[in-house]
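Hello,

Here is the structure I promised to pass on. My notes follow below it.

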Amino acid sequence: MRSRGLSGFFAGALVACAVLWSFATVDVELSRLMSAGPRMAGFIGRMIPPDPTVMGEIAKGSAETLRIAILGTLGAILLSIPLGILASETMVPPAVHRPARLMLAFIRAVPLILVAMLMVGAVGLGPLPGMIAVAIHATGMLAKFYAEAIDGVSRAPIEALESVGAGPLARLRFAIWPQMAPVVARDTIFRFELNLRESLILGIVGAGGIGFYIQTYVRSFQYDKAASVTLAVIVMVIAIEAFNVALRRRFA
């Protein structure tokens with residue numbers, strides 16, 4: 001009990017030192033923050049009122065963003081199923097799951113924007129590089145979730161099937177999947193929501209979606225049109241959030 005208290009104390013002290021070090025080394029000037037207020041007010045003033053004449057571009061960009069998120073999530077699911085099994089301690093020996101988990105950690109470490117830039121350079125502009133980038137980047141997290149879902153199930157049904165000579169696929173189908181299905185559904189829905197949010201900015205690097213219109217209007221100083229696109233993004237995110245909440249309640 002005492003050792004646990006000491007470990008908690010040292011962990012708290014470490015966090016406090018990290019926060020103090022961050023404040024001490026970052027270049028924060030209150031005068032700069034105060035002077036930024038009028039400039040921000042002027043920027044927002046140029047965005048009001050939003051320009052409603054760009055609804056056609058908004059509809060096109062929103063549909064493209066949604067396609068990127070849907071197909072990117074589908075690709076991530078197809079990649080994550082075998083990789084999640086290979087990264088599971090329950091399904092495979094350490095010689096297999098350890099390299100698989102290392103590979104997934106590497107995928108998660110690469111920023112989505114960098115993956116999208118590489119895909120744009122490889123296949124050109126448009127939604128295709130965005131879909132590929134989302135699928136690859138999301139796989140790093142989704143496959144990890146699937147592996148943890150497999151490893152988190154009760155061992156009793158698995159051992160019962162092992163005792164009668166059932167193979168790995170039979171154990172997965174009849175002992176593991178019924179227990180992990182709600183967790184997989186929840187994590188997949190969460191990842192889709194995250195993919196949609198990330199797809200909104202892929203247009204900045206030419207990977208399609210509504211983000212392309214935001215950067216176009218901001219760079220051309222058409223702030224009223226940029227405001228209209230921003231409002232559309234907010235509405236889309238709120239709608240997807242409500243949809244995902246309903247799905248999570250359905251699978252809870």
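In helix H9 (residues 211-219), the buried residues are Gly-211, Tyr-213, Gln-215 and Tyr-217; buried here means under 20% relative accessible area with a 1.4 Å probe and protein chains only. Helices are DSSP runs of H or I with at least four residues, numbered from the N terminus. After H9 comes Phe-221, with a positive phi near 60°.

A word on the model: it is predicted, with local features needing pLDDT of at least 70 and side-chain atom pairs counting only at pLDDT 80 or more, while totals for chains, interfaces and linings use all residues. Residues are numbered from 1 along each chain as its sequence is written, and side-chain values use heavy atoms, leaving out hydrogens and water.

Next, a helix pair. H6 (residues 127-151) packs against H8 (residues 168-199) at an angle of about 150°, and their axes are 9 Å apart. The axes are lines fitted to C-alpha atoms over the stretch in contact, and angles run from 0 to 180 degrees between N-to-C directions. H6 is therefore roughly antiparallel to H8 (the term applies to angles over 145 degrees).

Thr-139 sits in H6 and counts as buried because its relative accessibility is 2%. Beyond its neighbours within four places in sequence, Thr-139 contacts Ala-76, Leu-79, Ser-80, Leu-83, Leu-104 and Lys-144 (contact: heavy atoms within 4.5 Å).

Finally, the protein is divided into domain 1 (1-31) and domain 2 (54-250), with bounds from an automatic or database domain assignment. Their C-alpha centres lie 33 Å apart.

Best wishes

Key
Helices (H or I, at least four residues) and strands (E, at least two) are DSSP runs, numbered from the N terminus. Angles under 35 degrees count as roughly parallel, over 145 as roughly antiparallel, 65 to 115 as roughly perpendicular and the rest as oblique. Buried means under 20% relative accessible area, exposed over 50%, partly exposed in between (1.4 Å probe, protein chains only).
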